[in-house]
Amino acid sequence: MQLRRCFITIHWKHLQSNQIEEDCEENWRIIFKQICDKVVRSDDYEAGALALEMGDELGRIHIQAYLEHKPKRLQTLANDLGVMKTCFDIVKDAKGSWDYCSGTGKHEGKFAFERFTFGEPKLYGSKEKVELNDLVNLIISGVEMRAIMVRHPYAYCVHRDRLRKFSEDWNSRRL
């Protein structure tokens, strides 16, 4: 499986064993800079937001990152950054991930030791998962297909054929 974007949480245990000897802020700043340098120097990484932060619950320093890149396998991403595959998550909300790591939007003012952003994010996908039954209810409510396409383009692409048939049946009351 190849990904075009990823969300990363890098804890001490995710680092290759020889990278740093001690889990302290100074060493984390060095690792943070190294990772930022790697993604900026490579043409494979198109946009990213990284934050060096401390966890609220346990007080552990770690790196959070959202990256958009050319299609890559998890192992390739891990090798690129010098971390283990287990620190990668699939992005569920691209804009929310970007905002969180960059400290923007509703995350503005959230503490981080350092933040770094580069490139222009495309933010593929939608943060809202629109189900077929939601779209059907819109048609029943009288919303035009064009309006559904504009408001929910991804869901429209996925369910277009079913929606068209349902809309035709519903509007002509053929049963």
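In the predicted model, G105 is placed in the loop that runs between helix α3 and strand β5. G105 has a relative accessibility of 47% and therefore counts as partly exposed, since that class lies between the limits of 20% and 50%. The C-alpha atom of G105 is 19 Å from that of I63, a residue 42 positions away along the chain.

Confidence was examined by chain and by element. The protein chain has a mean pLDDT of 87, with 91% of its residues at 70 or more. Strand β5 (residues 114–118) has the highest confidence, with a mean of 97, whereas the lowest is found in helix α4 (residues 132–140), with a mean of 85.

The sheet is open and consists of five strands in the order β4-β1-β3-β2-β5, paired in the antiparallel sense. The edge positions are taken by β4 (88–89) and β5; each has a single partner strand, so one side of each lacks a neighbour in the sheet. In general, the strands of a sheet are paired through backbone hydrogen bonds, in a parallel or an antiparallel arrangement.

Strand β3 (residues 61–73) pairs with β1 and with β2. With β1 (residues 2–10), the antiparallel pairing extends over eight bridges, and R5 has E68 of β3 as its bridge partner. With β2 (residues 45–54), β3 forms an antiparallel pairing over nine bridges, in which G48 is partnered by L67 of β3. The hairpin of β2 and β3 has six residues between its strands, and G59 adopts a positive phi near 70° in this hairpin. Strand β3 is mostly covered, with ten of its 13 residues buried. On its other flank, β2 is joined to β5 by five bridges, the two strands running antiparallel; here the bridge partner of L50 is F116 in β5. Helix α2 (residues 74–81) packs on the sheet and touches β1, β2, β3 and β4. The direction of α2 makes about 130° with that of β3.

Within strand β1, T9 was considered individually. T9 counts as buried because its relative accessibility is 16%, and the limit for this class is 20%. Beyond its neighbours within four places in sequence, T9 is in contact with H14, H62, I63, Q64 and C87. One of these contacts, I63, is also the residue whose C-alpha atom lies 19 Å from that of G105.

Helix packing is described for α4 and α6. Helix α4 packs with α6 (residues 153–172) at an angle of about 40°, and the two axes are 10 Å apart. Because of this angle, α4 is oblique to α6. The crossing of α4 past α6 is right-handed. On the α4 side, the contact is made by L132, L135, V136, I139 and I140. On the α6 side, the contributing residues are A155, H159, R162, L163, F166, S167 and W170.

Methods:
Residues are numbered from 1 along each chain as its sequence is written. This is a predicted model: local features need pLDDT of at least 70, side-chain atom pairs count only at pLDDT 80 or more; totals for chains, interfaces and linings use all residues. Side-chain values use heavy atoms; hydrogens and water are left out. pLDDT is the predictor's confidence in each residue, from 0 to 100. Helices (H or I, at least four residues) and strands (E, at least two) are DSSP runs, numbered from the N terminus. Buried means under 20% relative accessible area, exposed over 50%, partly exposed in between (1.4 Å probe, protein chains only). Two strands pair if DSSP finds at least two bridges between them. Axes are lines fitted to C-alpha atoms, for helices over the stretch in contact, and angles run from 0 to 180 degrees between N-to-C directions. Angles under 35 degrees count as roughly parallel, over 145 as roughly antiparallel, 65 to 115 as roughly perpendicular and the rest as oblique. A crossing is left-handed if the near helix is turned anticlockwise from the far one by less than a right angle, and right-handed if clockwise. Contact means heavy atoms within 4.5 Å.
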